[in-house]
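Please keep the sequence and the coordinates open while reading.

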Amino acid sequence: AEAAELRARLRAVRHTVLVLSGKGGVGKSTFSALLAHGLAADETKQVALLDIDICGPSIPKMMGLEGEQVHQSGSGWSPVYVEENLGVMSVGFLLSSPDDAVIWRGPKKNGLIKQFLRDVDWGEVDYLIVDTPPGTSDEHLSIVQYLSATHIDGAVIVTTPQEVSLQDVRKEISFCRKVKLPIIGVVENMSSFVCPKCKNESQIFPPTTGGAEKMCQNLNVSLLGKVPLDPQIGRKSCDRGQSFLAEAPESPATLSYRNIIQRIQEYCEQQHLQEEKIM
Amino acid sequence: TLAERTNLAGVRHILLVLSGKGGVGKSTLSTELALALRNAGKRVGILDVDLCGPSIPRMLRVQDSAVHQCDSGWVPVFVGQDKAIALMSIGFLLERPDDAVVWRGPKKNALIKQFVSDVAWGDLDFLIVDTPPGTSDEHISTVEALRPYQLLGAILVTTPQ
């Protein structure tokens, strides 16, 4: 009966993309926010961004929605809208103060994630983007389990170039394979740094073991792209909640993001065509 | 249990390294702190309770090590230049380094309890506990399991943004 409820609620969601990493601090939330903005730039598309990082929800701040609250209506919880076609949900909106810690064990976190899927009135959605916390635990198992009521196009896995990240990301890839979650591809974030003054390129996180490129080759997954480290991303997106793509259209990082977003869209549309053929 | 009383009885100070945020340098700091304390002549151990993303073994170049059992429980892996820093991590229990630990809370909690009570730490001046990001199962269980012992306090790590 629960599965039927979820299925009904998610029936109007066309594409679902999970943003994962094994590693923390590599840019999942930043990427999720920019992916959502990038997709919502097409006003004909309805985009939903769901933040299931219960302990460390970054999405409200990154979308400029801190302090917003969730409203209830007859049809369920209303997402918080950044644009008419871009709705957001996060535990961040349920806290009385942004510094309140959510100190919950797995089962309680799972309960909230189920509520996010069952009780939020997302409406008709072209793209549901799900931002996750680092790891391979309750949140990840639950979201895959609950979303089996609909269809997950796949996962985008974010990493940085150094081995300490790749080590955890390989585990995430194992997780995806274990739960039969298709991998759209890997994004290598903070790839290089170009000095705004001298334009010299440095590698802040040297790819001592070949970076994401080598890992993708070894594990037979797609490398969607590499995004350079641009301090504007932290300043504008992360801390001020602006769309970096809109604020810094000339940045090499913006170009990388746009290419990656396009590849993700193409992947999702392809899957859709293939399924229609089968049906 | 007697084992609990024995295994951490010789540890003088326990330090937790925490953050809310991932990727800020908890494991790096835990490792550097352990090495610096060892350099200053202290007896040091590291307990890595990041079960999904254990980083410490690789940082100390012992990712291929295995743990053994003795009468009082698990023998930690000894690392560092003089092989004198005791380390326990789930990394040592994996069959392959890329194996994902896909566990829900209760299973994680059970292993953390074991790491606290069943590792033969011996006599240590400092036990540094490295944690994953968040405020969830691992953190609750670790603090609960360590409560009867000399918990010195927590160091919180962050980045500026």
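This is a predicted model: local features need pLDDT of at least 70, side-chain atom pairs count only at pLDDT 80 or more; totals for chains, interfaces and linings use all residues.

Residues are numbered from 1 along each chain as its sequence is written, chains are lettered from A and ligands numbered from 1 in the order in which they are written, and side-chain values use heavy atoms, with hydrogens and water left out.

**Annotated domain**

- An unreviewed UniProt entry lists residues 14-185 of chain A as "domain: AAA+ ATPase". UniProt positions follow the numbering used here, feature names are shortened, and annotations may be inferred rather than shown by experiment.
- The span of residues 14-185 of chain A is 33% helix and 25% strand, and its end C-alpha atoms lie 19 Å apart. Helices (H or I, at least four residues) and strands (E, at least two) are DSSP runs, numbered from the N terminus.

**Salt bridge between the chains**

- Over all chains, the structure holds 17 salt bridges. The term means a side-chain nitrogen of Lys or Arg within 4 Å of a carboxyl oxygen of Asp or Glu.
- One of them pairs B:Glu144 with A:Arg105, with the closest N and O atoms 3.3 Å apart. This pair joins two chains, because B:Glu144 lies in helix 5 (residues 137-146) of chain B and A:Arg105 in the loop between strand 6 and helix 4 (106-119) of chain A.
- B:Glu144 has a relative accessible area of 49%, so it is partly exposed. A:Arg105 is partly exposed as well, at 26%. Buried means under 20% relative accessible area, exposed over 50%, and partly exposed in between (1.4 Å probe, protein chains only).
- A network of salt bridges links A:Arg105, B:Asp137 and B:Glu144.

**Salt bridges within chain B**

- B:Asp125 and B:Arg43 form a salt bridge through their side chains, at 3.2 Å from N to O. The two residues are 82 residues apart and link distant parts of the chain: B:Asp125 sits in strand 7 (residues 124-130) of chain B, and B:Arg43 in the loop between helix 2 (26-39) and strand 2 (44-48) of chain B.
- B:Asp125 is buried, because its relative accessible area is 9%. B:Arg43, at 38%, counts as partly exposed.
- B:Arg96 meets B:Asp99 in a salt bridge, 3.3 Å from N to O. B:Arg96 counts as exposed, with 56% relative accessibility.

**Negative surface patch**

- A:Asp42, A:Glu43, A:Glu83 and A:Glu84 form a negative surface patch. Patches are made of residues with over 30% relative accessible area and no salt bridge; like charges are joined within 9 Å, and nonpolar side chains (Val, Leu, Ile, Met, Phe, Trp, Tyr) within 5 Å.
- A:Glu84 lies in the loop between strand 5 (80-83) and strand 6 (86-90) of chain A. Its relative accessibility is 78%, so A:Glu84 counts as exposed.

**Buried positions**

- B:Phe92 is in the loop between strand 6 (85-89) and helix 4 (105-117) of chain B. It is buried, at 5% relative accessible area. Its C-alpha atom is 6.0 Å from that of B:Ser65, 27 residues apart along the chain.
- B:Ala145 belongs to helix 5 of chain B and is buried, at 15%. The C-alpha atoms of B:Ala145 and B:Asn109 are separated by 9.6 Å.
- A:Asp119 is in helix 4 of chain A and counts as buried, at 19%.

Conventions: Accessible areas come from the Shrake-Rupley method with a 1.4 Å probe; for residues, only the protein chains shown count as cover. Lys and Arg count as positive and Asp and Glu as negative; His and the chain ends are not counted. The place of a charge is taken as NZ of Lys, CZ of Arg, CG of Asp or CD of Glu.
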